[in-house]
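Here's a quick tour of a protein model for anyone just starting out with structures. Have a look at the picture first, then read on.

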Amino acid sequence: MKRSDAELSLMGNNYHPGFSVDCVIIGFHEGTLKVLLNKFNVDDKWGLPGGFVYKDEDVEDAAYRLLANRTGLKDVFLKQFFLFGNANRVPVEEHRKELINRNISEVDGKWFLSRFITVGYYALVQFDQVQPYADPEDEKIAWFDIDRIPDLKIDHNQIVDKALETIRLQI
């Protein structure tokens, strides 16, 4: 789902302030674990599918909505695994750069520069049965080998690491 610049500047009115969800989607293919990542065309870095929680929405419902909207994945079992709440987990400069890239003033995008706490969810999926999609005008989505994940935006590398640690402990 494409986020227009006007929507991004106004979204702060619709979403719970400072709260998001991020999904770690893992599949197994050709002997290797893969993780599904996405990248908005205005961003320099890849990240996890996720986003913001509506003020009147359950957190788990937000995770499913965002996963469907950002990747096309539906009917996936998501497991909540950790709350990421470090005070400086989101480098403000990364969000400021996104506002600049979208020609949004800091006044209109003030909510986007705030501290964010995120709930991590993971899903184990059958790689060959997943056909993710993204709007090519707005973002890309791709599978990455788990041992070749690039430097992700904000703290998404740490979120992936924690998801893998949790899965290993649970298995």
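Helices here are DSSP runs of H or I with at least four residues, and they're numbered from the N terminus. By that count, helix 3 is followed by Asn 103, whose phi is positive, near 55°. Keep in mind that this is a predicted model.

**Helix 3**

- Helix 3 covers residues 92-101, and its buried residues are His 95, Glu 98 and Leu 99.
- Look down the axis of helix 3 and these buried residues fall within an arc of 100°, so they line one face of the helix.
- Why would that happen? An α-helix has 3.6 residues a turn, so residues three or four places apart point the same way.
- Over on the other side of helix 3, you'll find Glu 93 and Ile 100 exposed.

**Helix 4**

- Helix 4 runs over residues 156-170, which makes 15 residues.
- From first C-alpha to last, helix 4 reaches 21 Å, close to the 21 Å expected at 1.5 Å a residue.
- Its buried residues are His 156, Ile 159, Val 160, Ala 163, Leu 164, Thr 166 and Ile 167.
- Seen down the axis of helix 4, the buried residues stay within an arc of 160°, so once again they line one face of the helix.
- What do the buried residues of helix 4 pack against? They pack against strand 1 (15-29), strand 4 (79-84) and strand 5.
- Arg 168 and Leu 169 are exposed, on the face of helix 4 turned away from its buried side.

- Phe 52 lies in strand 3, residues 50-54.
- Is Phe 52 buried or exposed? Buried means under 20% relative accessible area, so Phe 52, at 11% relative accessibility, counts as buried.
- Search the whole structure and you get twelve aromatic pairs.
- In the pair of Phe 52 and Phe 116, the ring centres are 5.4 Å apart and the planes sit at 45°, so the pair is tilted.
- Phe 116 is in the loop between helix 3 and strand 5 (117-125) while Phe 52 is in strand 3, so the pair ties together parts that are 64 residues apart in sequence.
- Phe 52 and Glu 165 are 113 residues apart along the chain, and their C-alpha atoms are separated by 25 Å.

**A charge over a ring**

- The charged end of Arg 102 sits over the ring of Phe 40, 5.7 Å from its centre.

Technical notes:
Residues numbered from 1 in each chain as written. Predicted model: local features only at pLDDT ≥ 70, side-chain atom pairs only at ≥ 80, totals over all residues. Heavy atoms only, no water. Buried < 20%, exposed > 50% of the residue type's maximum accessible area, 1.4 Å probe, protein only. Helix = DSSP H or I, 4+ residues; strand = E, 2+ residues; numbered from the N terminus. Arc of directions from axis to C-beta. Phe/Tyr/Trp six-rings, centres within 6.5 Å; stacked < 30°, edge-to-face > 60°. Lys NZ or Arg CZ within 6 Å of the ring centre and 35° of its normal. Expected span 1.5 Å × (residues − 1). Contact = heavy atoms within 4.5 Å.
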